[in-house]
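Visitor: I would like to know what stands behind the words used for a structure. Could you take me through them?

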Amino acid sequence: MASPSNKGKDIAEGSSSQPQPQPPQPQQPQSPSNPPALSWYESQKQQDWNTFCHYIRNQQPPVHISQCGSNQILDFLQYLNQFGKTKVHVHGCVFFGQVEPAGHCKCPLKQAWGSLDALIGRLREAYEKNGGLPERNPFASGGIRVFLTEVRDSQAKARGVPYKKRKQKKTNPMKNSHCFWKFCKLLKQKKVKQFKKKNLSF
Ligand SMILES: [Zn+2]
């Protein structure tokens with residue numbers, strides 16, 4: 001059985017042109033132990049964190065992670081749009097609201113809401129993993145949440161991708177207070193049948 005450590009060494013040294021075996025290297029008391037392979041999620045999280053830290057360090061003036069707030073995060077998300085691949089139609093575009101536009105337009109490509117949402121989730125974890133306090137986690141702030149919700153809704157409209165509504169198979173008017181009062185009013189007027197016709201179809 002060939003020793004796997006030797007094999008690994010050969011690959012690492014990468015000197016395929018030399019036929020001679022490598023001399024043993026006694027001066028390696030503790031080869032930096034290979035970290036266990038990270039899951040896709042973990043390595044993506046690390047990569048996102050590095051990108052974000054790099055981004056704020058390159059601001060004018062540079063921002064330290066401890067000073068980081070919603071504004072830097074929102075700027076960062078904005079900055080990422082240039083790498084986006086999701087066409088988001090602007091108001092006035094003939095394809096606004098169309099799922100499958102029948103032609104080209106010059107509307108911008110952006111980061112899809114789902115990507116941003118997942119990114120913020122990873123950064124939120126990375127912040128705490130890197131020593132940030134949960135109660136001061138800027139990625140968990142209300143401002144970011146509101147922003148993401150707005151992006152979600154506006155992209156859904158622009159791209160004609162409606163939010164998957166909860167299954168509303170049998171709408172019980174009694175369950176919905178708004179409908180309930182309407183129901184009562186109509187009940188008095190003995191127009192329940194009409195109400196059912198009108199309201200049970202949504
Ligand atoms: Zn467009």
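Guide: Let us start with Phe76, which is found in helix α3 (residues 70–80). Helices here are DSSP runs of H or I with at least four residues, numbered from the N terminus. This is a predicted model: local features need pLDDT of at least 70, side-chain atom pairs count only at pLDDT 80 or more, and totals for chains, interfaces and linings use all residues. Residues are numbered from 1 along each chain as its sequence is written.

Visitor: Why is Phe76 called partly exposed?

Guide: Count the other C-beta atoms within 10 Å of its own, with C-beta atoms placed from the backbone: 20 or more means buried, 12 or fewer means exposed, and in between is partly exposed. Phe76 has 18, so it is partly exposed.

Visitor: Which residues is Phe76 in contact with, leaving aside its neighbours within four places in sequence?

Guide: Phe52 and Tyr55. Contact means that the C-beta atoms, placed from the backbone, lie within 7 Å. Phe52 is in contact with Phe76 and Leu123, again leaving aside neighbours within four places in sequence.

Visitor: What makes a nonpolar core?

Guide: It is a set of buried Ala, Val, Leu, Ile, Met, Phe, Trp, Tyr and Cys residues, joined through C-beta atoms within 7 Å. The largest one has 11 residues in all, including Phe52, Ile73, Trp113 and Leu123. Helix α4 (residues 113–129) gives the most to this core, with 7 residues.

Visitor: How do you know that α2 and α4 are roughly perpendicular?

Guide: Look at the angle. The axes of helix α2 (residues 40–57) and α4 come within 9 Å and cross at roughly 85 degrees. Angles of 65 to 115 degrees count as roughly perpendicular, under 35 as roughly parallel, over 145 as roughly antiparallel, and the rest as oblique. Therefore α2 and α4 are roughly perpendicular to each other. Among the residues making the contact are Trp49 and Phe52 of α2 and Leu119 and Leu123 of α4.

Visitor: What makes α4 roughly antiparallel to α5?

Guide: The angle again. The axes of α4 and helix α5 (residues 142–159) come within 9 Å and cross at roughly 160 degrees. That is over 145, so α4 is roughly antiparallel to α5.

Visitor: Which residues of α4 and α5 meet?

Guide: Trp113, Leu116, Asp117 and Ile120 in α4 meet Ile144, Leu148, Val151, Arg152 and Gln155 in α5.

Key. Helices (H or I, at least four residues) and strands (E, at least two) are DSSP runs, numbered from the N terminus. Two residues are in contact if their C-beta atoms, placed from the backbone, lie within 7 Å. Axes are lines fitted to C-alpha atoms, for helices over the stretch in contact, and angles run from 0 to 180 degrees between N-to-C directions.
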